[in-house]
Amino acid sequence: MNYNPLSEFVLKSILIKNDLKNIMPYSKLDFNDKTILITGGAGFIGSNLAFYFQKNYPNSLIVIFDCFRNEELLMNGNLKSFGHYKNIIGFNGVVICGNINNKSDLSLLSNYKFDYIFHHAAISDTRVYDQEIIMKTNVNAFYDLLEISKINKSVMVYASSAATYGSLPSPQTVGRENPENPYGYSKYLMDKAANLYSRKNPGLKIIGLRFFNVYGPKEYFKAKTSSMVIQLGHQILDGKSPRLFENSMQISRDFIYIEDVIQANIKACTSQQNGTFNVGTGISRNFQEIVDILQKELGTNLVTDYFPNPHEDYQTHTQAEILSSKKYLNFEPMFSLELGIKTYIPEIRRLHGQGIS
């Protein structure tokens with residue numbers, strides 16, 4: 001019988017389905033009595049991270065720094081900021097409204113001595129072509145945060161991106177990059193800056209995490225840039241035919257559930273070495289599979305509406321090479337696409353029909 005890594009992964013996910021409470025926390029590292037900064041903490045990944053610490057380390061001091069949504073649009077018509085107060089309702093830590101591009105705002109952080117910095121603030125829209133705002137927000141501000149990390153002797157964990165690989169063939173592997181848009185290039189420059197800081201400051205721990213296609217709770221306020229999972233889920237709940245590009249059976253991505261992304265952030269704090277690491281499942285799934293799993297979970301049987309792909313530069317396949325992530329971070333993805341969507345369904349239903357204001 002041929003070995004099927006997808007079948008093995010799905011089986012492993014099923015086995016842990018009813019045992020999630022015993023999985024967390026993800027590290028033996030004690031964050032209690034530590035001061036933790038999360039930039040972009042009112043956004044998708046940042047807010048999930050904040051609640052992880054609040055739940056598992058109630059004696060930690062968590063500081064969220066976020067500019068919050070202000071209705072300002074980028075040149076492509078999408079929102080400039082996705083931080084939303086509704087993502088952090090119930091959060092008991094410190095919230096500071098500030099922009100990482102504003103040194104006066106950043107100076108508000110000088111009142112704290114951070115043990116850990118999780119840097120998730122960024123312009124993350126891959127189809128923003130305003131190079132100036134991308135570079136200032138993602139690159140220049142990162143140098144400022146690295147300086148804060150250096151002064152505080154903080155562990156720095158920051159968000160890189162699979163966009164650094166461009167359309168290179170799978171599996172995408174650290175050390176082989178070819179960014180093809182301003183966002184991907186800005187993240188590539190962040191990785192270069194982190195490597196430079198690591199060499200000049202060998203006592204600092206600086207870890208970059210290249211996220212692949214993340215989906216899960218608290219992404220709703222990303223609106224048009226939220227994952228296919230929630231967008232297709234809401235189309236189906238509207239009773240509409242789920243819409244996919246033509247030949248979607250041949251278009252695949254490495255989809256990773258938010259809980260595995262949180263796991264990677266936590267385990268990065270005890271990484272055996274500095275560097276940049278992929279955060280994906282290591283398994284690629286096609287777009288049609290998302291629709292099929294959603295329809296199974298939602299109890300529908302709608303006919304898929306296929307339409308021509310309008311993007312000439314569209315990546316048709318991503319798959320993270322995660323051997324180094326497993327080795328140095330002890331990262332082990334737990335959520336197959338089946339389990340991730342099944343876990344996400346109650347939130348998709350809850351948010352259906354709500355506005356994003």
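The protein has 10 helices and 13 strands. Helices (H or I, at least four residues) and strands (E, at least two) are DSSP runs, numbered from the N terminus. This is a predicted model: local features need pLDDT of at least 70, side-chain atom pairs count only at pLDDT 80 or more, and totals for chains, interfaces and linings use all residues. Residues are numbered from 1 along each chain as its sequence is written, and side-chain values use heavy atoms, without hydrogens and water.

**Overall form**

The C-alpha atoms fill a box of roughly 55 × 45 × 40 Å along the principal axes. Of the 357 residues, 54% are buried. Buried means under 20% relative accessible area, exposed over 50%, partly exposed in between (1.4 Å probe, protein chains only).

**Salt bridges**

The count is 10 salt bridges. Each needs a side-chain nitrogen of Lys or Arg within 4 Å of a carboxyl oxygen of Asp or Glu.

| Pair | N to O distance |
|---|---|
| Arg243 and Asp305 | 3.0 Å |
| Arg285 and Glu289 | 3.1 Å |
| Glu347 and Arg350 | 2.8 Å |

Arg243 and Asp305 meet in a salt bridge. Arg243 sits in strand β8 (residues 243-245) and Asp305 in strand β13 (residues 305-307), so the pair ties together parts 62 residues apart in sequence. Arg243 is partly exposed at 41% relative accessible area. Asp305 is partly exposed too, at 32%.

Arg285 is buried, with a relative accessible area of 5%.

Glu347 and Arg350 both lie in helix α10 (residues 337-351), 3 residues apart, about one turn of the helix. Arg350 is partly exposed at 48%.

Glu177, Asp191 and Arg210 form a network of salt bridges.
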